[in-house]
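The following exercises concern one protein chain. Please work through each task before reading its solution.

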Amino acid sequence: MPSALAQEKLAARARRIRQLRRRIVASLLATFVLAWGVVAFNGSMGAETTTVASVEDEVVVSDVVVAVDATGSSSGDTTSSDTSSSDDGSTLSTSQS
């Protein structure tokens, strides 16, 4: 049977270990809650979604419609004489996952 001094030392060691484990669990829980709070406040940390407006002009020359897009390329279509210019106002949305 161990002596009283040995039992006292083992009990003190067990208290220190129990206290250390509780501190570790408390710090991990606090870190987890803080991290989720930051995500809830700032939103997701992923890539941002941007919206880009599509620019397209149509030039009507007699019976030929020439569409010019933002890159400078053009396409020619033969149509009846239509003098109206249309802009559908569509936008392009891109995201990265």
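Helices (H or I, at least four residues) and strands (E, at least two) are DSSP runs, numbered from the N terminus. This is a predicted model, in which local features need pLDDT of at least 70 and side-chain atom pairs count only at pLDDT 80 or more, while totals for chains, interfaces and linings use all residues. Residues are numbered from 1 along each chain as its sequence is written, and side-chain values use heavy atoms, with hydrogens and water left out.

**Exercise 1.** State how many helices and strands the chain has, and their order.

Solution. The chain has one helix and five strands. Read from the N terminus, the elements follow the order α-β-β-β-β-β.

**Exercise 2.** Determine where in the chain confidence is lowest and where it is highest.

Solution. The score used is pLDDT, the predictor's confidence in each residue, from 0 to 100. Its mean over the chain is 76, and 49% of the residues reach 70 or more. Strand E4 (residues 74-78) has the lowest confidence, at a mean of 54, and H1 the highest, at 95.

**Exercise 3.** Decide whether H1 lies largely in the open or is buried.

Solution. Buried means under 20% relative accessible area, exposed over 50%, and partly exposed in between (1.4 Å probe, protein chains only). Of the 39 residues of H1, zero are buried, so H1 lies largely in the open. Trp36 counts as exposed because its relative accessibility is 51%. In the chain of 97 residues, buried ones make up 2%.
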